[in-house]
Amino acid sequence: MTDGQNSPQPTRPRAVLYQRLSRQTLESTSLIGQSEDLGALAEREGWDVVATFVDEGLSGGKRRANADEALRMLREGEADVLAAYSVDRYSRMGIGEDAEVIRVIDAREEQARRGHGIRPLAYFAREGIRSDSGSDWRLRYALSSEMARSERDVMVSRRKRSIHQLQAQGRFSGRGVPPWGYRSAPHPSGAGRTLVVDPTEAAVIREAAERLLAGESATSVANDLTRRGIPTPRGEARRALVKGEPIEGLASGFWGVGNLVAALQTPSITGRIARGTHSHESRGRQGSYVLAEDGNPLQAFEPVLSAATFAALHERFPRGQGRGSQRKRKAARLGSGLVFCQCGAKAYVLTSASYTYYRCSAKSIGRVDCPGQSLQASAVEEAITEDFLGAFGKLQAVERVESLGAPEVADSVAMVTERIRSLTSAMAEPGADIMALVGELTPLQAERDRLQALPVERTVTYRELGIPWSSVWAMADLDARRGLLERFYDHFEMRYPGAETRLVGRLKPSPEESPEYHGLK
């Protein structure tokens, strides 16, 4: 602090300068222009500039750390002058927030009258507002602050109205990074922008969706995308790709369960537009779609994922159960739930002070026809791995592909379901016309029931992955390996001591009944 009684008094006022530019326009004053004007002002007034804070691309309607720091320096006596090009460059939050400037000046004025420090100054150059020009400066500052807030409200309202109009027309606003799977392009009409599918990103999205719906864990898929260097939707590398700039040296980003599931549950991935976001992303929120004239979500752009696939992903990863949570509880060990004793009782994983083991549960449930054998966990899991690789490791891996004879039915069900969710969410909004919404909801529910009752022929085929099952096993995490075991095996049987093989795998069904379990067509 410099305002103590024994502190040396500065010979020249110390000034902190603040500049802000929300975005460059023909009407705005550039940062260079603000800097030059404030620099000339400081020289003319005889100030020593001790700090200059610059905010570029930040709204004046929100708190900004740099503006807060500039005011803190004035409050705590580290500066004597706070100068900004204009009130609206300093803030557009209104006098409710901006009154803190007045309080700081009044407190420093009181200290100066008592001989602690020099007289403070708040200076807004364009309006010519100086806190040392008389008591009416407070009124002029308050009016300018409220005018700045009002102008911001008008600009925000105009911008939202423009975005809503573009969305209603099925266009891309052009603001922000295009959603994952798309690139911005001129609209075919020649007016405005649209979104077109990016083939490279769309292939990754479809691959990830297929793997998740086939039962692979989100952790496994996310780790694989990270290992392959696939750029995350908001990462530095993708931002550069969208702009057509080189990505060498830029981080691709880290894929986790949360951002993978959120990206795949974004409505934009189906070519729809969700209200409340200029980037067409709402991270999986339902209930705010732009609707077509028939009341269904508007198909604004070519979809990357079908409505049915999108609905299936939401079914596997339901909302409200944690980011990317899955219905299935993660197993603690490779053989958890898959290992049984020869007597037929399930074997559970237990841990003692010395080691972890699988133990028959017969005794714990009162049975006396089994000695209650146990096997060390590491030995069991090594035997499971050896059994799987021995039976399937050299065989070509295949993927089960299920197709519908009438895919349009599944898409229709998904679209009607989305509309039902939209209306249900609208009922929770303040002032909602519940009776009118119920009137819309009832026939939609009947239509969904009708569609779901239609017979649909399902066809299952198997597609070779081009690698053996041993490679699939090597790349898989614990969840994915358990998924493979559950696909091929009914269970693993712990044999009694003295048996030639203590652990035997029991396939489901037998190889003769189901050749695809061996990776065969």
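Reader: Are F392 and F488 buried or exposed?

Author: Both F392 and F488 are buried in this predicted model.

Reader: How many aromatic pairs does the ring rule count?

Author: The count is 15 aromatic pairs. F392 and F488 form one of them, with 4.4 Å centre to centre and 20 degrees between the planes. Planes under 30 degrees apart count as stacked, so this pair is stacked.

Reader: Which helices does the pair link?

Author: F392 belongs to helix 11 (residues 377-392). F488 belongs to helix 15 (residues 478-488).

Reader: Which residues do ring pairs link into a cluster with F392 and F488?

Author: The cluster also holds F388, W469, W473, Y489 and F492.

Reader: Now strands. How do I read the two faces?

Author: In a regular strand, side chains alternate between the two faces of the sheet. Now take strand 3, residues 81-84. V81 and A83 lie on one side. L82 and A84 lie on the other. All four are buried, so both faces are covered.

Reader: Which strands pair with strand 3, and over how many bridges?

Author: Strand 1 (residues 14-21) runs parallel to strand 3, joined by 4 bridges. Strand 4 (residues 121-124) also pairs with strand 3 in the parallel sense, over 4 bridges.

Terms used. Residues numbered from 1 in each chain as written. Predicted model: local features only at pLDDT ≥ 70, side-chain atom pairs only at ≥ 80, totals over all residues. Heavy atoms only, no water. Buried < 20%, exposed > 50% of the residue type's maximum accessible area, 1.4 Å probe, protein only. Helix = DSSP H or I, 4+ residues; strand = E, 2+ residues; numbered from the N terminus. Pairing = 2+ DSSP bridges. Phe/Tyr/Trp six-rings, centres within 6.5 Å; stacked < 30°, edge-to-face > 60°.
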